[in-house]
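Here is a short note for a colleague opening this entry. Please read the points with the model in view.

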Amino acid sequence: KILRDAAVKAGAPENCILWIEEPSITATRMVMNHPDVNLILATGGTGMVKAAYSSGKPALGVGAGNTPVIIDDPADIRMAVNSIIHSKTFDNGMICASEQSVIVDREVKDEFEKLMKEAGCYFLSEDETNKLRDTMFIKEKDGALNSAIVGQSPYKIAGEAGIEVPKDTKVLVLKENGVGIEHPFSKEKLSPVLAYYVVENSDEGIDLAEKLIEFGGLGHSAVIHSEDKDTILKFSETVKAGRIIVNSPSTHGAIGDIYNT
């Protein structure tokens with residue numbers, strides 16, 4: 001409405017921007033199939049994207065991101081940490097291009113953890129991780145993400161799980177050791193919750209990033225923080241993502257304009 005009002009005030013046609021007051025699958029399908037609609041941009045779940053591609057119209061669609069981020073050795077660790085926090089706290093992690101899992105080389109993990117904690121991130125214990133898992137994912141729905149936590153603050157999410165954290169916590173970080181349905185934190189979380197993996201070298205990190213993308217983010221975004229051009233090139237050639245973001249925050253890097261690396 002704000003955009004429409006501003007456009008009309010600037011001289012645009014009155015109905016240049018329209019919307020559906022009461023969203024429904026039927027109404028969305030009718031709009032997609034209307035003869036006057038020439039192009040569809042669909043963001044959201046797989047169902048929305050499939051509906052757009054099935055409409056017979058030219059369509060651009062994007063689903064889950066599940067964006068992995070590698071912190072390599074060598075890398076500017078402070079810049080990497082600042083970038084992840086800047087990206088992950090924007091809109092409380094709602095942007096589908098925001099980092100979902102951080103993969104850190106063992107050589108730099110101590111510095112990574114130290115800087116993250118200094119910046120206000122909270123690392124969950126194993127017991128706290130289990131509590132959060134039971135809150136964030138619904139067992140009765142095959143481990144689906146609990147929509148009530150999406151876009152909420154770390155303090156509120158932790159509170160729902162019975163975990164005490166400082167009110168100004170930036171990001172909840174938890175150790176993960178696998179990828180797949182039995183490791184729900186390896187999925188897209190759409191919140192300031194970050195899965196944390198430690199790897200022995202860049203090759204192991206790239207392999208893990210590739211698995212995370214294939215598990216739930218094919219064609220979307222992937223990030224690497226590194227000063228090694230060969231590693232960056234191998235990452236870009238291996239991980240099946242539409243956007244490869246280098247030494248930048250993923251949320252803002254994927255949107256473009258602000259960061260263009």
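1. Buried means under 20% relative accessible area, exposed means over 50%, and partly exposed lies in between (1.4 Å probe, protein chains only). By that scale N66 is buried, with a relative accessible area of 1%. N66 sits in the loop between β2 (59–62) and β3. Its phi is near 50°, a positive value in a residue other than glycine.

2. This is a predicted model, where local features need pLDDT of at least 70, side-chain atom pairs count only at pLDDT 80 or more, and totals for chains, interfaces and linings use all residues. Residues are numbered from 1 along each chain as its sequence is written, and side-chain values use heavy atoms, with hydrogens and water left out.

3. Helices (H or I, at least four residues) and strands (E, at least two) are DSSP runs, numbered from the N terminus. L190 lies in the loop between β8 (172–175) and β9 (193–199). L190 is not a glycine, yet has a positive phi near 45°.

4. Which residues does a cis peptide bond join? They are D73 and P74, with omega about 15°. P74 belongs to the loop between β3 (67–71) and α4 (77–89). Most residues other than glycine have a negative phi, and most peptide bonds are trans.

5. L3, I17 and W19 make a nonpolar surface patch of about 300 Å². Patch residues have over 30% relative accessible area and no salt bridge; like charges are joined within 9 Å, nonpolar side chains (Val, Leu, Ile, Met, Phe, Trp, Tyr) within 5 Å. A salt bridge puts a side-chain nitrogen of Lys or Arg within 4 Å of a carboxyl oxygen of Asp or Glu. Accessible areas come from the Shrake-Rupley method with a 1.4 Å probe; for residues, only the protein chains shown count as cover. I17 is partly exposed, at 31% relative accessibility. I17 is in the loop between α1 (2–9) and α2 (25–33).
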